[in-house]
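Here is a short tour to read with the structure open beside you.

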Amino acid sequence: MKIAIASGKGGTGKTTLSTNLAAFFADKNQVVLADLDVEEPNSGLFITGKTEQIDVKYKMIPEWNEDTCTLCGKCQENCNFHAVIRLGSQILVFPELCHSCYACSELCPTNSLPMVKQRMGELKHIKSGKIDFIESRLDIGQEQAVPLIGQTIHYIESKFPKKTLKIFDAPPGTSCPVIEATKDVDFVILVTEPTPFGLHDLKLAVDTMVELGKPHAVVINRYGIGNNDVVDYCVENNIPILAKIPNSRKLAELYSKGELVYKELPEFKEELQKIETYILNLEIE
Amino acid sequence: MKEIVIISGKGGTGKTSITASFAILAGSEAVIADCDVDAADMHLLMQPVIKKSVDFYSGVIALIDENKCTNCGICADICRFNAIPLVDNQHTVKDLDCEGCGYCAKVCPEKAITMYEQNVGDWFISQTKIENTLVHAKLGIGAENSGKLVAKVKKEANQIAEKEDKEYIIVDGSPGIGCPVVSSLSGANYAVLVTEPSMSGLHDLKRVYELVKKFNIKAGCIINKSDINLDMTNKVIQFLKEESITHISSLPYDESFTKAMTVGETIVEYDHSELKDLLVKSWEIVKLEVN
């Protein structure tokens with residue numbers, strides 16, 4: 001079973017929930033925790049253990065072979081992303097614009113643009129008790145998170161049995177990286193806070209999950225600040241609220257030190273218990 | 001005219017609240033651009049009246065004419081994004097998976113595939129409650145090309161600032177280090193990095209600053225919630241020293257951020273004590289730094 005922890009707004013507590021929920025669950029069972037926020041992965045700050053594997057991850061880009069090229073310019077015509085350009089007697093490739101579609105390469109009449117590997121980031125697999133923690137981080141300067149997220153999910157699916165619970169810490173927002181991280185999961189937990197920003201971005205996140213056809217529920221973090229509009233919205237739209245994590249300066253302090261909080265804060269542990277019970281009772285094929 | 005971009009790496013550090021405060025303090029001297037197009041929240045504090053709204057088209061997406069299609073499957077074979085599965089014996093494009101490369105349309109023997117332009121969102125020119133201009137946008141659900149929409153918002157803001165002879169463009173960036181952030185930084189004169197003294201905050205600050213360095217942009221940093229973890233605040237300050245990043249200010253953990261937001265105000269409108277003073281000073285420092 002795959003559960004994504006997502007949110008429209010950043011900084012609502014996705015990582016706090018993902019890491020603590022995984023650790024709480026791992027008190028009894030095997031669990032996989034994956035940090036798919038490859039631009040700014042933070043879950044690893046809270047999980048320490050033995051490194052099982054480190055893989056460099058690549059994307060495929062075309063490389064110009066000057067010797068066989070006739071400068072016909074078909075590659076430039078075939079690239080919708082302006083990543084391959086003919087300039088005088090040269091073909092220039094712009095790797096950051098390339099989407100690895102292979103069109104330029106496979107449609108080149110003289111096979112002068114073979115696809116080669118380019119490093120985009122690194123995947124790390126760490127074992128910590130009953131947690132298998134997988135983290136990928138995008139190299140600085142690489143703009144596209146989607147291929148790395150896709151390869152990370154692929155790694156997880158090839159390594160672990162279907163029935164093992166997998167928790168994905170998703171990137172913030174509603175654009176392509178979030179879609180990639182959530183499109184194949186069974187259930188999505190949207191973390192929000194009870195403020196106007198929280199509500200506005202929650203609505204966008206809910207719309208996204210409706211569009212994807214993903215069953216979803218809400219966890220309200222920092223409950224007690226702001227106002228009641230998030231609760232009202234969830235009630236009106238029949239979106240289950242799985243837990244309300246009380247606003248707590250203590251929680252923020254523990255988080256700031258990179259510590260798991262559920263063992264220190266009984267009221268937080270109670271909320272995790274509610275989420276776990278809900279997840280385990282989900283009827284998912 | 002100077003372009004000031006506020007970014008944070010990590011989300012939820014108070015970036016938008018601080019940007020909106022600067023927007024109020026700058027008043028008629030600035031044009032505001034909300035480039036966090038994924039989760040644009042600035043309008044909740046600036047209460048803009050929309051003066052102009054434009055559909056944003058970017059990129060293309062494949063469409064199969066089922067009358068011409070023989071389901072030979074060539075398109076599905078060459079598609080690297082697995083975007084053309086067989087659904088009820090008919091190859092069908094999954095819109096959210098299609099990258100718009102157009103490879104399928106080029107190889108279809110029946111010429112059954114066309115690529116059509118995609119509406120990926122809208123952008124707006126608005127007048128805020130203090131009557132300065134806000135350029136903002138709304139990205140469609142799951143849309144790609146957020147970087148291009150960011151570029152569009154910035155370009156419009158630049159043109160207005162130039163025409164109206166404004167001193168500043170204040171840009172609210174997005175979290176992360178990917179394409180929308182790269183797009184926000186491109187062409188900027190100064191970056192304000194907003195962080196918090198947590199392991200995550202420092203980690204993300206370091207990563208986003210690596211990106212800022214690649215652009216050769218001068219930067220300053222605001223440490224929000226600085227009293228949450230004094231030890232970590234010192235580590236952040238140490239990092240700023242090592243990298244010669246100006247430490248603009250440290251703001252205390254203060255629920256006024258939330259309370260102001262709840263009534264649709266910026267902090268400098270809501271608060272009349274220490275926090276407001278700190279933000280006024282911060283904006284003065286940013287102005288000195290950029291000029």
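## A covered helix in chain A

Helix α1(A) is mostly covered, with 12 of its 13 residues buried. Please keep in mind that this is a predicted model. The helix runs over residues 14–26 of chain A, and its first and last C-alpha atoms are 18 Å apart, close to the 18 Å expected at 1.5 Å a residue.

Which residues of α1(A) are buried? They are Lys14(A), Thr15(A), Thr16(A), Leu17(A), Ser18(A), Thr19(A), Asn20(A), Leu21(A), Ala22(A), Ala23(A), Phe25(A) and Ala26(A). As a reminder for reading such a list, an α-helix has 3.6 residues a turn, so residues three or four places apart point the same way.

## Chain A as a whole

Stepping back, chain A has nine helices and 11 strands. Its C-alpha atoms fill a box of roughly 70 × 40 × 40 Å along the principal axes. Of its 285 residues, 50% count as buried. Among the contacts in chain A with a separation of 6 or more, 73% join residues 24 or more positions apart.

## Chain B as a whole

Now for the partner. Chain B holds 11 helices and 11 strands, and its C-alpha trace spans about 70 × 40 × 35 Å along its principal axes. Here 55% of the 291 residues count as buried. Residues 24 or more positions apart make up 75% of the contacts in chain B with a separation of 6 or more.

## Helix α5 of chain B

Helix α5(B) covers residues 146–163.

## Two helices side by side

How do the axes of α7(B) and α8(B) cross? Helix α7 (residues 199–214) and helix α8 (residues 230–242) of chain B have axes that come within 10 Å and cross at roughly 10°. An angle under 35 degrees counts as roughly parallel, so α7(B) is roughly parallel to α8(B). The crossing of α7(B) past α8(B) is right-handed.

On the α7(B) side, the contact uses Leu202(B), Leu205(B) and Lys206(B). They meet Met232(B), Lys235(B), Val236(B) and Phe239(B) in α8(B). By class, the residues of this contact are five nonpolar, no polar and two charged.

## Where the chains meet

Finally, let's look at the two chains together. How many residues of chain B are in contact with chain A? There are 49, and they touch 50 residues of chain A. Helices α4 (103–107), α6, α7 and α9 (256–262) of chain B each supply at least two residues to the side that touches chain A. Helix α7(B) gives the most, with eight residues. The side of chain B that touches chain A has 20 nonpolar, 17 polar and 12 charged residues.

How values were computed
Residues are numbered from 1 along each chain as its sequence is written. Chains are lettered from A and ligands numbered from 1 in the order in which they are written. This is a predicted model: local features need pLDDT of at least 70, side-chain atom pairs count only at pLDDT 80 or more; totals for chains, interfaces and linings use all residues. Axes are lines fitted to C-alpha atoms, for helices over the stretch in contact, and angles run from 0 to 180 degrees between N-to-C directions. Helices (H or I, at least four residues) and strands (E, at least two) are DSSP runs, numbered from the N terminus. Angles under 35 degrees count as roughly parallel, over 145 as roughly antiparallel, 65 to 115 as roughly perpendicular and the rest as oblique. A crossing is left-handed if the near helix is turned anticlockwise from the far one by less than a right angle, and right-handed if clockwise. Two residues are in contact if their C-beta atoms, placed from the backbone, lie within 7 Å. Ala, Val, Leu, Ile, Met, Phe, Trp, Tyr, Cys and Pro count as nonpolar, Asp, Glu, Lys and Arg as charged, and the others, Gly among them, as polar. The expected span of a helix is 1.5 Å times one less than its number of residues. A residue is buried if 20 or more other C-beta atoms lie within 10 Å of its own, exposed if 12 or fewer, and partly exposed in between; C-beta atoms are placed from the backbone.
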